[in-house]
Amino acid sequence: MENILKVLNDENIDYRIIKHKRVYTIEEIKYINLDKEGLIPKNIFLRNTNGKVHYLVTCHPDKKVDIKSIANDLNSTRLSFASLERLKKYLNVCKGSVSPLGFIYDENIEVIFVFDKELINKTIGVHPNRNDYTIFIKFNDLVKLIEGHGNEIVYLDI
C-alpha cells in the first residue's frame, strides 16, 4: 500500500483513504455503507485463451459482466478468469483486493485496462491492493496515472 500512496503523493493526486473491515465482494462493501462515499466499481481480472493477454475489467458495480461480449468487443479469443497466481504476478494482489491501482506492479506493462464508459468523470473507490482500505480518487486522475505508466486503456459500454 505504501508504494501506491507514494505514487499518488508524488503525482499530486487528490485522494481520500478510508480504513474499514476486510471486504471481499461488492455486496460486503454495501453492508458497511462504504459505497455512500463514492462509486465503488467491480474489478475482474481476465486472460485470453493462451494466457498471453491479460485484462483488468473495471465497471459499475451493478452491471452483470458478459465475458463473451467483452471478448468480442476486444477482438480477443475466449476470455476466462485469471488464476490467483496470475493476480499475484501481474498486479501483486490476492483475491478480494483486485484494483486498477495494481498497475504500479505491472513492471512489463502487460495488463490492458478495460473501463466501463460509465465511470468517466466520476469519483471512484478502489483498494490500494489490500481489502481493508479504500482510496477514493477521480477516475480521470486514475486514467492519467495508468497512461503515464504506459498501459493500454480501452473504454467499453459494459
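Colleague: Hi! Which strands make up the open sheet, and in what order?
Modeller: Hello! In this predicted model, the open sheet has 5 strands in the order S4-S2-S3-S5-S8, and their pairing is mixed.

Colleague: Okay, and which strands sit at the edges?
Modeller: Those are strand S4 (80-81) and S8, each of which pairs on one side only.

Colleague: How do S3 and S5 pair, parallel or antiparallel?
Modeller: Strand S3, residues 54-59, pairs with S5 in the parallel sense, over 5 bridges. If you want a spot to look at, find Thr58, which stands opposite Phe115 in S5.

Colleague: What lies across those strands?
Modeller: Helix H4 does: H4 lies across strand S2 (42-47), S3 and S5, and runs at about 100° to S2.

Colleague: What about Phe139, buried or exposed?
Modeller: Phe139 is buried, with a relative accessible area of 1%.

Colleague: How are the rings of Phe115 and Tyr155 arranged?
Modeller: That pair is tilted, because the planes are at 35°, and the ring centres are 6.4 Å apart. Here too, distant parts of the chain are linked: Phe115 is in strand S5 and Tyr155 in strand S8 (residues 153-156), 40 residues apart. Tyr155 counts as partly exposed, at 31% relative accessibility.

Colleague: Which residues end up in the ring cluster?
Modeller: Ring pairs join Phe113, Phe115, Phe139 and Tyr155 into a cluster.

Colleague: Let's stay with H5. Which of its residues are buried?
Modeller: In H5, the buried residues are Phe139, Asp141, Leu142, Val143, Leu145 and Ile146. They pack against H1, S5, strand S6 (123-126), strand S7 (133-138) and S8.

Colleague: And what happens just after H5?
Modeller: Just after H5 comes Gly150, which takes a positive phi of about 110°.

Colleague: You mentioned S6 and S7. How do they pair?
Modeller: S6 and S7 pair in the antiparallel sense over 4 bridges, and Val126 stands opposite Ile135 in S7. Their hairpin has 6 residues between the strands, and in it Asn129 takes a positive phi near 65°.

Colleague: New topic: how many salt bridges does the structure hold?
Modeller: There are 7 salt bridges. As background, side chains of opposite charge can pair when their charged atoms come close. One example is Asp10 with Lys6, where the closest N and O atoms are 2.6 Å apart. Both lie in helix H1, 4 residues apart, which is about one turn of the helix.

Colleague: Which parts of the chain does the salt bridge of Asp132 and Lys19 link?
Modeller: The side chains of Asp132 and Lys19 meet at 3.2 Å, N to O. Asp132 is in the loop between S6 and S7, while Lys19 is in strand S1 (residues 15-19), 113 residues apart.

Colleague: Are those two buried or exposed?
Modeller: Asp132 counts as buried at 5% relative accessibility, whereas Lys19 counts as exposed at 51%.

Colleague: What about Arg130 and Asp132, how do their side chains meet?
Modeller: They meet in a salt bridge of 2.8 Å, N to O. Arg130 is partly exposed, at 29% relative accessibility. Salt bridges with shared partners join Lys19, Arg22, Arg130 and Asp132 into one network.

Colleague: Last one: what joins the side chains of Asn9 and Tyr15?
Modeller: A polar contact of 3.1 Å joins them. Asn9 lies in helix H1 (residues 2-10) and is partly exposed, at 42% relative accessibility.

Technical notes
Residues numbered from 1 in each chain as written. Predicted model: local features only at pLDDT ≥ 70, side-chain atom pairs only at ≥ 80, totals over all residues. Heavy atoms only, no water. Buried < 20%, exposed > 50% of the residue type's maximum accessible area, 1.4 Å probe, protein only. Phe/Tyr/Trp six-rings, centres within 6.5 Å; stacked < 30°, edge-to-face > 60°. Helix = DSSP H or I, 4+ residues; strand = E, 2+ residues; numbered from the N terminus. Polar contact = N/O pair within 3.5 Å; in protein donor to acceptor, adjacent residues only side chain to side chain. Contact = heavy atoms within 4.5 Å. Pairing = 2+ DSSP bridges. Axes fitted to C-alpha atoms, helices over the stretch in contact; angles between N-to-C directions. Salt bridge = Lys/Arg side-chain N within 4 Å of Asp/Glu carboxyl O.
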